[in-house]
Amino acid sequence: MTEQQTAPTSGTGTTRVKRGMAEMLKGGVIMDVVTAEQARIAEDAGAVAVMALERVPADIRAQGGVSRMSDPDMIDSIIEAVSVPVMAKARIGHFVEAQVLQSLGVDYVDESEVLTPADYANHIDKWAFTVPFVCGATNLGEALRRITEGAAMIRSKGEAGTGDVSNATTHMRTLRAEINRLRSMEPDELYVAAKELQAPHDLVREVAETGKLPVVLFTAGGIATPADAAMMMQLGAEGVFVGSGIFKSGNPAQRAEAIVKATTFHDDPDVVAKVSRGLGEAMVGINVDDIPQPHRLAERGW
Amino acid sequence: MTTTATIGVLAVQGDVREHLQALERGGARATTVRRRSELEAVDGLVVPGGESTTMDKLVRVFELQQPLRERIAAGLPVYGSCAGMIMLADRLADGAPGQQTLGGMDILVRRNAFGRQLDSFEEDLHIRELGGEPVRAVFIRAPWVEEAGPTVEVLARVEHGPATGRIVAARQRNLLVTSFHPEVTGDHRVHRLFADIVRESLRERS
């Protein structure tokens, strides 16, 4: 392949259709589920979509080993169980897992650092697919590189499976600060900015002009409470992924619903306070600082 | 002489910002609605695109369902795109268990009628009420209108492919619905049409 692939402009799989799907998820909560039963609980609690995966990040962390795309039977059973969109994870660079997920009819593929990477040099060429992709990012350059490869949605990475929100905070603040920095620049400074961000100049210029990413930005990785979700929204996230935080907690249905409410009313402390009552135990957390460097998922992908 | 109309966008979930921008560029004053007091202050309302099950859940939890139904029954102009079309339907097919709508429009709407995201598409539609230029219609896991009552005016049908003939835009007095998302295309004619409906209803009241 010598020419860069681009999306069609009519019919299915257009850029507008792919990015538009993410626009419709805004203000919502996407929940990790590993069974059809969990998917139904999530839908019932008001999730805008569910993420089907084999093991939640907290278990991947605890059990170790190579983590891969889920069993197609399991994904089918989740698609069958709910009417909201179903997302599923493929390993970074594993374009065949992505092909399989597209063939199963999932609504969004997450090329995810939570699974063990399949390629340590290249991410998936996401333009080659009809199904849209969401990718993680820790900073603006990484987000723009994923968008260049065809990602139609970005989520800040955070540190999945920890219940520690600090990395999600760092990534959201970094993205916001880098976008603000571009906004303050003169047009002739954007060439060097693009070089420093290791991202294409046209995307850098677009961000400088609009003050936002060209695709929807969600947050992920370590969100465990309604207040965590509300803080991420106040920091500029357009929606929230919750992984282990729900089904590793004492009362998943109630916590899921509370996080949905807190996401909508993220700027109203009275609502966040009210929904935070009586939720039972939150997931047992791990401090990101206690995780040895090679086991930090956010550092996968580049 | 112009009447300044304030149009709210139901902001519990969905692509609220796009509708606010489209309304403002279409010549209206736009504001978000998440509370009963905010609902009382608007002359018209947009129910945006999003996930209809989530919106239904949130309007019930935050005690907006009844006030919304009352204002719709009293003639509030409302425009629903995609999930918003579902919310305005009197009858719903393929809803989630227990899913409710606000109702108001005498239509049966089938949710996710075109299929999953892989089937989402865009195409040109010709809508007489919007003038000669076709509208670029973006359908995302979209619903369609399966049956429309006698007082419902059909504005557009699918023009190509297996779903040809399905109703994807309709109006019943002050209620307007589209299966597609004009708010993501930069073409504000649908929002302008809705703003006209709102202004007309304000004039009738005064």
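The questions and answers below set values from this predicted model against the definitions behind the words used for them.

In this predicted model, local features need pLDDT of at least 70 and side-chain atom pairs count only at pLDDT 80 or more, while totals for chains, interfaces and linings use all residues. Residues are numbered from 1 along each chain as its sequence is written, chains are lettered from A and ligands numbered from 1 in the order in which they are written, and side-chain values use heavy atoms, with hydrogens and water left out.

Q: Why is Glu122(B) called buried?
A: Buried means under 20% relative accessible area, exposed means over 50%, and partly exposed lies in between, with a 1.4 Å probe and protein chains only. Glu122(B) has a relative accessible area of 2%, so the word buried applies to Glu122(B).

Q: What makes the pair of Glu122(B) and Arg16(A) a salt bridge?
A: A salt bridge is a side-chain nitrogen of Lys or Arg within 4 Å of a carboxyl oxygen of Asp or Glu. The closest N and O atoms of Glu122(B) and Arg16(A) are 3.0 Å apart, and the pair therefore counts as a salt bridge.

Q: Why is this pair said to join two chains?
A: Glu122(B) lies in strand 7 (residues 121–125) of chain B and Arg16(A) in helix 1 (residues 15–23) of chain A, so the pair joins two chains. Helices (H or I, at least four residues) and strands (E, at least two) are DSSP runs, numbered from the N terminus.

Q: Is Arg16(A) buried, partly exposed or exposed, and what value decides the matter?
A: The relative accessible area of Arg16(A) is 32%, so Arg16(A) is called partly exposed.

Q: Which residue of chain B also meets Glu122(B) in a salt bridge, and what does that pair tie together?
A: The side chains of Arg136(B) and Glu122(B) meet at 2.9 Å, N to O. Arg136(B) lies in strand 8 (residues 135–139) of chain B and Glu122(B) in strand 7, so the pair ties together parts that are 14 residues apart in sequence.

Q: What makes the contact between Asp107(A) and Arg116(B) a polar contact?
A: A polar contact is a pair of N or O atoms within 3.5 Å; within protein, one must be able to donate a hydrogen and the other to accept it, and residues adjacent in sequence count only if both atoms are side-chain atoms. The side chains of Asp107(A) and Arg116(B) make such a contact at 2.5 Å. A polar atom of the side chain of Asp107(A) also lies 2.9 Å from the backbone nitrogen of Gln117(B).

Q: Where is Asp107(A) found, and why is Asp107(A) called buried?
A: Asp107(A) is in the loop between helix 5 (95–104) and strand 5 (108–112) of chain A. The relative accessible area of Asp107(A) is 0%, and therefore Asp107(A) is called buried.

Q: How do you know that Gln65(B) is buried, and which side chain does Gln65(B) contact?
A: Gln65(B), which is placed in helix 4 (residues 65–73) of chain B, has 12% relative accessibility and so counts as buried. The side chains of Gln65(B) and Gln100(B) are joined by a polar contact of 2.8 Å.

Q: Why is Glu51(B) called buried, while Glu54(A) is called partly exposed?
A: Glu51(B), in the loop between strand 3 (44–47) and helix 3 (52–61) of chain B, has a relative accessible area of 7% and is therefore buried. Glu54(A), in the loop between strand 3 (49–52) and helix 3 (57–63) of chain A, has 41% and is therefore partly exposed.
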